[in-house]
Amino acid sequence: MNIRKIIPVILMLAVVGAALAACMNNDAANTQPAPTANYEPNATMGAQNGSGAAGMTQNGASSMNGASNGAANNGNTAAATDGALNPFDWANGAADIEKAIARISELSDARVVVTNTTALVGVQFDNAYKGELTERIREMVAAEVLKADPAIQTVAVTSAPEDVKKVYELSEQIRSGRTADELSAQINSIVRNATTLR
């Protein structure tokens, strides 16, 4: 093959390659960097948005995993300055969660007591509701609890009158200054009732 014919082809390929490389570099210099995802919780003044999908714990109680679905829900888990979540203050914040639970159409009132990662909720039905405690109601109650405190692993819900009465008594004791740790044996005994865990 003739070298005179190959040299111009090689030179032309080199010029085209250099021109393409220069075009690519100019485009990169003119573009904005793409935003990256921020996986830190978006908490502002003690509020975090999001709710989760209901599941079941190993004991069968309704539980949530805190996966955000983008709904405008008012949670109360605050981000610390190092990005970690501060635990929800159940002693002072339970009343707000109880009000949110009581807004469920079948319910008229609720009380929540929490020990460690277990929440026990006693609910009273609205007079117009003639049904019983369904799995749907349990999941809606669990959603409200976990919206406030994603660290909760077990949400036990009871509507049995004797258990609800005990939950109300325990709630009053906590509001009067006793700690949930002092009452954890009583709370856990209600959580383990056959009527509470399903």
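**Helix H4 and its two sides**

On one side of helix H4, Pro-161 and Glu-162 are exposed, whereas the buried residues of this helix are Asp-163, Val-164, Val-167, Tyr-168, Leu-170, Ser-171 and Ile-174. Seen down the axis of H4, these buried residues fall within an arc of 165°, so they line one face of the helix. The model is a predicted one, and the points below should be read with that in mind.

**More on H4**

- The partners against which the buried residues of H4 pack are helix H2 (90-102), strand E5 (107-115), strand E6 (118-125), strand E7 (154-158) and helix H5 (184-191).
- Gly-177, which comes just after H4, takes a positive phi of about 120°.
- Ala-95 itself counts as partly exposed, because its relative accessibility is 32%.

**Nonpolar cores**

- The largest nonpolar core has 23 residues, of which Trp-90, Ile-101, Val-121, Val-123, Val-141, Val-145 and Val-155 touch the most other members.
- At least two residues of this core are supplied by each of H2, E5, E6, helix H3 (135-148) and E7, and H3 gives the most, with six residues.
- Once its neighbours within four places in sequence are left aside, Val-141 is in contact with Ile-101, Ile-104, Leu-107, Val-121, Val-123 and Val-157.
- Another core, of eleven residues, lies apart from the largest one and includes Val-113, Leu-120, Ala-156 and Ile-190.

**The chain as a whole**

- The protein chain has five helices and seven strands, and from the N terminus on its elements run α-β-β-β-β-α-β-β-α-β-α-α.
- Of the 198 residues in the chain, 34% are buried, while the chain exposes about 12,200 Å², with carbon and sulfur atoms supplying 53% of that area.
- Among contacts with a separation of 6 or more, 60% are accounted for by residues 24 or more positions apart.

**Aromatic pairs**

- The structure holds two aromatic pairs, one of them formed by Phe-88 and Trp-90, which are edge-to-face at 4.6 Å centre to centre with 70° between the planes.
- Phe-88 and Trp-90 are both buried.
- In the pair of Phe-125 and Tyr-129, the ring centres are 5.1 Å apart and the planes stand at 45°, so this pair is tilted.
- Phe-125 is partly exposed, with a relative accessible area of 21%, and Tyr-129 is likewise partly exposed, with 23%.

**A loop residue with positive phi**

- Asn-116 lies in the loop between E5 and E6 and has a positive phi of about 55° although it is not a glycine.
- Because its relative accessibility is 66%, Asn-116 counts as exposed.

Conventions:
Residues are numbered from 1 along each chain as its sequence is written. This is a predicted model: local features need pLDDT of at least 70, side-chain atom pairs count only at pLDDT 80 or more; totals for chains, interfaces and linings use all residues. Side-chain values use heavy atoms; hydrogens and water are left out. Buried means under 20% relative accessible area, exposed over 50%, partly exposed in between (1.4 Å probe, protein chains only). Helices (H or I, at least four residues) and strands (E, at least two) are DSSP runs, numbered from the N terminus. The arc is that of the directions from the helix axis to the C-beta atoms. Contact means heavy atoms within 4.5 Å. A nonpolar core is a set of buried Ala, Val, Leu, Ile, Met, Phe, Trp, Tyr and Cys residues joined through side-chain atoms within 4.5 Å. Accessible areas come from the Shrake-Rupley method with a 1.4 Å probe; for residues, only the protein chains shown count as cover. Rings of Phe, Tyr and Trp (its six-membered ring) pair if their centres lie within 6.5 Å; planes under 30 degrees apart count as stacked, over 60 as edge-to-face and the rest as tilted.
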